[in-house]
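Please keep the sequence and the structure in view while reading.

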Amino acid sequence: MVTTKEKLSIHNWVDQMTEGLSVETKDFMQKCHLALTEENTIDYDRFIQFALDEMDEANENWTFVASRIFLEKLYEEASENRGYPLEETYQHFYPLIKKLTEKGIYHKSLLASYSEKEINYFASQLDKSRDRLFTYLGLHTLATRYLATDHDKRIFELPQERWMIIAMYLMQQEPEEKRAEYVVEAYWALSNLYMTVATPTLNNAGKTHGQLSSCFIDTVEDSLRSIYDVNSDVAQLSKNGGGIGVYMGKVRGRGSSIKGFKGMSSGVVPWIRQLNNTAVSVDQLGTRKGAIAVYLDVWHTDIEAFLDLKLNNGDERLRAHDIFTGVCIPDYFMEQVEKRGDWYLFDPHEVRQVMGFSLEDFYDEEKGKGSWREKYKQCIENENLSKRKVPAIEIMKRIMISQLETGTPFMFYRDEVNRKNNNDHEGIIYCSNLCTEITQNQSPTEFLQEYVKLDGTVVKEYKPGDYVVCNLSSINLGRAVPDDVLERLIPIQVRMLDNVIDVNMLPLPQTTLTNQKYRAIGLGTFGWHHLLALKGIEWESDEALKFADSLYEKIAYLTIKASMELSKEKGSYPLFEGSKWATGDYFEERNYTDESWRALKSDVKQYGIRNGYLMAIAPNSSTAMIAGSTASIDPVFQPFYYEEKRDYKIPVTAPDLTPETYAIYRRSAYIVDQRWSVRQNAVRQRHIDQSISFNLYVPHTIHARVLLDLHLQAWKSGLKTTYYVRSTSKEIEECEWCHA
C-alpha cells in the first residue's frame, strides 16, 4: 500500500490517469472508490489490475491508464529511494549518477567524461511527458528488467533517465564540441520510441557489468584443443550476456580416423552435448540459461544424428535439448531435393586428407554453377574417398520433421549468403548466428605454440580468427515512418551503433579484434505489421510488396549514406579496399542505378564507408514490446491476447487497434498465407546486406508437401536464411539477446 502525497479526491485522480484517453471510467472509478482505505491510500497494483480488467479488443486505451498508474508507483519508489520530494521527479539526474557510481552500479566513465554542468544540461532535456508513450506491458518490461536498481533491487533509475544514460554512454568518446548535440539527438530518438537498442545495450549501457553486443559466432577447428577452447570462450560470452552461434562443420564425423587409427572418432554429437551442458550451466547474468545455436553442413556424415538432437524420442544419450540447430545448405542440395535426386554424405576430415581441400571453404559463385558443386562432384567421383548415398528428399524430410516438433533447424542458404558477401575479398561465411540475421566472415582461431618463459610463466600463443560480433539496433516503423523522421533518425542511429564498437567491453580479445576489423553493425526494423495496419495495406497484397520494396530501399540508402558520412569524419573500416563497397559491386548486384544511388556509389568510392556490414533484421520481440509495436517483420499472433510469464498475465492488443486497423490485423500469423510472407522477404532481402530473422508460421497439421514448397520458394526467391518454423502445436522459448 502506497500513501498519496496529496489527498486528492478519487475523481480528480482518475481524471488525471485518464486525461486525453477515450475511456468510460464509471466502473473503474467505482472499483477504485471501494479499494481506497480509511487512510486514503492507493494500492497501485490493485488499481493497475482494475484498469487492465477493463481492457478488451474494443478499447486499447486502458493499457495507457494502467501504464500511468504504474508510472506513479515508479515515481514514488524512486523519490523515496533517492530521497527527493515526489514533485521533483526528473530534477535530480546528477545526484543519481553520482550515487549509483558510488554504489558500483554505474560505470565511472560517465562522471569522468561529462562535467556536472553538462549533466545538468542533459537533465534539462529529460521530457517526463514521453513516459506516457508506453503501454503497460512496455513499461512493465522496461521497469522490471532494465532500469538500474541498487544491489537490493530497489528502483533508482526512471525511464527517461535510462534513455539519457544510454545516449551519454554511447557518445562519451565523441569530440567535446559536438558531443552534447549527439547525446540530445540520441535521447530524442530513444525517448520518442523511434528506435530501440539491442537488449544487452539497453540493459548494460552505463553500468559496470556486462557488454553491449547481442550475438557472437565462432568457428571450431577440427582438433581437441579447438573444441575445448571454443567451449571455454562460449562460457565466457554466455556469462557476460550474449547468444552464441557455433559452426561445427569442420569437425570430423563419427567413425573417422584419429592419428591414422580408423573408426576412432565419435563425431560431432558428443561435442554438441558438451556445448548443451555449457548453455545450461553458465547462465546469462543470472537471469536465463545460455543460448547456443550449432550449425552443420547438410553433406556432413553426421547430419542425420544432428537433425535428431532435439527430438523428444530416441536415445537421450544422443540428444541435446537446450541448444538450437541450424543446417548449412548449398543450392545443389535444394536442386536435388526438387528433382528427387541422390545426396552424398562425407567426413570433412577425410575430404581434407584425400582431396587436399576443405569442401566447406567453397561456394557456388553463380546460381546453378560454381566451385562448390565442382569440388563436391570431385568427391563423389573419387573412389578413395568414403561416402554414403541417401535420397536428398529423405534428408529434407528429417529436417521438416524436426522443425514441426522443435521449431528447428534453422535454414542457412550458404551460396546465396556468400554471393552477397560485402567482404568476400577477406573470407567466407560458414553459418549464421542464434537468430539467423547475421552473415559475416568467419575463421577459426589457430593455436600456434605453448612455451615457458624464464620466470616460469606458461604462455600460449594463438592466431585470432574472425570471431563475429553482432551490434544491433532497430527502427520502430510504426512510429518513425508516420512521423516522417527516417532522414533524421538513421544518421544518429548509425552513429550510436558505430560507437558501440568503441565503448564496448568484450570478454574475448578475438571478438574485440574482429569488431574493430569490420566495424560491423546490424540496423534493422520492427513494427512492419503495425505500419501496414496504419496505412490500411493488406498483408496478402501486391501493394504490401511494393511498399516493402520502396521502404527498405529508402532505409538502405539512408543507412549506407550515414555510414559513408561517418567515414568522411572518422575513416573507413580497415578492410574497405577490395570490398564490394569499394569496387561498386554492392550497388551493381542490387541494380541500384538511379541518379541518387549513382551519386552515393561515387561518394562511397571516394570517401569509403565506416562499417563493413550494415543491416540485419533481428527478432526483437522484447524491445518491440517496450516500444509498443509489433515484432520485427512478423504478423501479429492475434489482435488481442494475453502476455503470460511466470509472474504475470497481461492483456495486450495489437498497437493502434481500431475497427479500421482490425481489418489488417485479423490476418494474423497462423492465418496469413505464408507464401506472401516469403514474397515480402524476397523484396526486402534485396536491400538488407546481411539477413532477416524470418519465421514461418504453420499449422501442426500442415502437409509435408506444403512445407517443402515454402522452403523451395524461400530458397528460389533468394532468401539467405529462415528462422523458426512455428507450429501451432509447439510453444517456442527463444533467446532474447538479438532483440533490438
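## Naming and basis

Helices (H or I, at least four residues) and strands (E, at least two) are DSSP runs that are numbered from the N terminus. The model is predicted, with local features needing pLDDT of at least 70 and side-chain atom pairs counting only at pLDDT 80 or more, whereas totals for chains, interfaces and linings use all residues. Residues are numbered from 1 along each chain as its sequence is written, and side-chain values use heavy atoms, with hydrogens and water left out.

Pro409 lies in the loop between α18 and β10 (410-413), and the peptide bond that joins Thr408 to Pro409 is cis, with omega of about 20°.

Most residues other than glycine have a negative phi, and most peptide bonds are trans. Asn620, in the loop between α27 (595-607) and α28 (621-627), is not a glycine and yet has a positive phi of about 45°. Ser632, in the loop between α28 and β16 (640-645), has a positive phi of about 50° and is not a glycine either. Asn620 is buried (under 20% relative accessible area, against over 50% for exposed and partly exposed in between, with a 1.4 Å probe and protein chains only), its relative accessible area being 0%. Ser632 also counts as buried, at 1% relative accessibility.

## An enclosed strand

Five of the five residues of strand β15 (residues 522-526) are buried, so this strand is largely enclosed by the rest of the structure. Gly522, Gly524 and Phe526 point one way from β15, while Leu523 and Thr525 point the other way.
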